[in-house]
Amino acid sequence: MKKLYEKNELTFAIVWIVVYCVLQSFAYQLNEKIGIEYSASAVLCILQAVILFVFIQKNDLMEKYGLCKSLVPARHFLYYVPLIILASGNLWNGAALNYPLEDTVCRIVCMLFVGFLEEVIFRGLLFKAMAKNNVKSAIIVSSLTFGIGHIINLFNGSSMDLVSNLYQVIFAIVIGFLFVTIFYRGGSLIPCIITHSTINSLSTFANTTGFTTEKQIVNCLIMIVITVAYALILTKTLPKDQCSII
């Protein structure tokens, strides 16, 4: 793994993206056989996260990939209040216990590690590898690939309908841009990981009763507006490149 990384960081990032997507698709089939939702997904996510974290730590790449404290004071990020608002989005229609206990636990564990994996892979590995040549292209590609990658939820057995998946893809692209902005301007992925993991985990308790298509659209639009506004504010107020591209 180290040899591949040293030879070509972009190839290393792409390999991780492909492996992550393939394993998660495979995990959904195992979940059905086991009979507990997200059970296999949680195990595979934990294994991938541990392997990636150990690799980063062992090779002194913690700061490079943002697994460290932000170089910019929290007040410059408006104390991350917009992230807290976004993290609560899945509960705007109320909360509910939607799954049996074992399913709930597995979903939460899986979602927590998914937040870590996707941030490190897309905002860390992919962005850093591309930003060496062109930061703007790296930001765009990192955001788009992260969002478009969610299309896989239509085919991996997660039972997500087309409309919900479309909302997910659009929001993922937008929030992907926000997260890469936070990382590039602040040098830390930790706020992004926490927010991402929280959004995913709280989806477990989202109340879908009476959550019509119209409400979904309004909910999605509000979150997009908050995300874009926050990203633009940070872009205008924070200094560039607080994280080393090397």
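Colleague: In what order do the elements of the chain run from the N terminus on?

Modeller: From the N terminus on they run α-α-α-α-α-α-α-α-α, and the secondary structure comes to nine helices and zero strands, where helices (H or I, at least four residues) and strands (E, at least two) are DSSP runs numbered from the N terminus. This is a predicted model, in which local features need pLDDT of at least 70 and side-chain atom pairs count only at pLDDT 80 or more, while totals for chains, interfaces and linings use all residues. Residues are numbered from 1 along each chain as its sequence is written, and side-chain values use heavy atoms, with hydrogens and water left out.

Colleague: How do you know how H2 and H3 are oriented to each other?

Modeller: Helix H2 (residues 9-34) and helix H3 (residues 39-58) pack at an angle of about 155°, with their axes 7 Å apart. Axes here are lines fitted to C-alpha atoms, for helices over the stretch in contact, and angles run from 0 to 180 degrees between N-to-C directions. Angles under 35 degrees count as roughly parallel, over 145 as roughly antiparallel, 65 to 115 as roughly perpendicular and the rest as oblique, and H2 and H3 are therefore roughly antiparallel to each other.

Colleague: What makes up the contact between H2 and H3?

Modeller: With contact meaning heavy atoms within 4.5 Å, residues of H2 including Phe12, Trp16, Leu23 and Ile34 meet residues of H3, among them Leu44, Ile51, Leu52 and Phe55. By class, this contact of H2 with H3 has 15 nonpolar, five polar and no charged residues, where Ala, Val, Leu, Ile, Met, Phe, Trp, Tyr, Cys and Pro count as nonpolar, Asp, Glu, Lys and Arg as charged, and the others, Gly among them, as polar.
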